[in-house]
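Welcome! Have a look at it first, and then read on.

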Amino acid sequence: MPRSVWLLIMGMLVNTVGNAFLWPLNTIYMHDHLGQSLSVAGLVLMGNAAAGVVGNLIGGYVFDKFGGFKSIMLGTIITIIGLICLVIWHGWPHYVWFLTLIGFSGGIVFPSMFAMVGTAWPEGGRKGFNAIYLSQNLGVAIGPALAGVVANKSFDYLFVANLIMYILFFFIALSYKGISTESVMPPSSVISESAKIKDRSSLYALMILGIGYLLSWMVYTQWTTTISSYTQFLGISLNQYSLLWTTNGLLIVLGQPLIHPIIKRIGEYYKGQIFIGVAIFIVSFFVVSFAHTFKMFLIAIIILTFGEMFVFPIVPTIASKLAPKGRDGFYQGLINSFSATGKMIGPFLGGVLADQYGMKITFYVLIAILVVALIPYTMYDRPMKQKNV
């Protein structure tokens, strides 16, 4: 891998470790420490994710117009400002304001990171995106493990730890100035080209793919919202809940040799990989619907982890392949906005279902949503086939 990709991997790792101090415990903090219901907590996380949708689209635009370095620095500086405020004010309703701001700025950074790895190492194909995905999940393994220990001492320290990690990421991101993004067109060319484009089949394909991605994230995000609170209700400790995410992150990194033969056999039949992943998701939520002990939740998240290894790295890879020259940032921003929308709807929907109907019904609804997600995943390339005909 090129040195530039290693720098992006290092930055994503530090970024994710910092974020992982906060996101797995958001619902627990609002529900148990700020006294809010699951529905209200879900609504707050909806606002956070909605800001992320806007941030994704702006981040993609800034990437295409000004390059990856400027878009990443813009998002990072805004995040640091938001985290400084969160360290000082993290009561109610200040928590809502600054969490929303951080959602917006984080939305700028993430599509830029994915777009940059695609333009800096285009010949890498799936390998570059998978490397970024692995670094994310190594951060997921490290962050929650530390967060559980820190939260048992004081939730206040979580905000400080997140700020420190983002400051470290800022200094790593300074090295991105030298990373070439040669596929990025001059601003005037992007605007003029987009005005002339008549063939929008790749964009339509991306939109259909995005619907499946949205539904997948809408279900997946329950693990950090309704399920996290449910584990507390069952008497599972914060340390044990954090250990679930440590297991998730480590397994994604260490489990690559286990899934590699399957991926190699499937090759570039991306729909096959996605179908396998979603089917494993369904099995995971079926298991968790019967879980009442830490051991059962651990089994469920291990199954879930194998599912996401098939689905989540492949979607930005498809987006990169669909993107016309000079539109990498826009396409990555758009597909990330679908995931952010799923993260926006999921917590609120899960919170309402859990409050009104209980967790059992909630799990059945989530399984039904995953079944529906298979439809757009299966049909996303239809616009391309129609164009060829």
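Does Tyr220 count as buried or exposed? Tyr220 counts as buried, because its relative accessibility is 8%; buried means under 20% relative accessible area, exposed over 50%, and partly exposed in between, with a 1.4 Å probe and protein chains only. Please keep in mind that this is a predicted model, where local features need pLDDT of at least 70 and side-chain atom pairs count only at pLDDT 80 or more, while totals for chains, interfaces and linings use all residues. Residues are numbered from 1 along each chain as its sequence is written, and side-chain values use heavy atoms, with hydrogens and water left out.

**Aromatic pairs**

- The structure holds 16 aromatic pairs; rings of Phe, Tyr and Trp (its six-membered ring) pair if their centres lie within 6.5 Å, and planes under 30 degrees apart count as stacked, over 60 as edge-to-face and the rest as tilted.
- One of them joins Tyr220 and Trp245, and it is edge-to-face because the planes are at 65°, with the ring centres 6.2 Å apart.
- Tyr220 belongs to helix α9 and Trp245 to helix α11, so this pair ties together parts 25 residues apart in sequence; helices (H or I, at least four residues) and strands (E, at least two) are DSSP runs, numbered from the N terminus.
- Trp245 is buried, with a relative accessible area of 1%.
- Tyr220 also forms an edge-to-face pair with Phe312, at 5.2 Å centre to centre and 80° between the planes.
- Because Phe312 lies in the loop between α14 (294–311) and α15 (314–322), and Tyr220 in helix α9, that pair links parts 92 residues apart in sequence.
- Tyr213, Trp217, Tyr220, Trp245, Phe281 and Phe312 form one aromatic cluster.

**Around Ser216**

- Ser216 is found in helix α9 (residues 201–220) and is buried, with a relative accessible area of 1%.
- Its side chain makes a polar contact of 2.8 Å with that of Tyr377 (a pair of N or O atoms within 3.5 Å; within protein, one must be able to donate a hydrogen and the other to accept it, and residues adjacent in sequence count only if both atoms are side-chain atoms).
- Leaving aside neighbours within four places in sequence, Ser216 is in contact (heavy atoms within 4.5 Å) with Phe312, Leu370, Ala373 and Tyr377.

**Helix α2**

- The buried residues of helix α2 (residues 26–33) are Asn26, Thr27, Ile28, Tyr29 and Met30.
- Just after α2, Gly35 takes a positive phi of about 75°.
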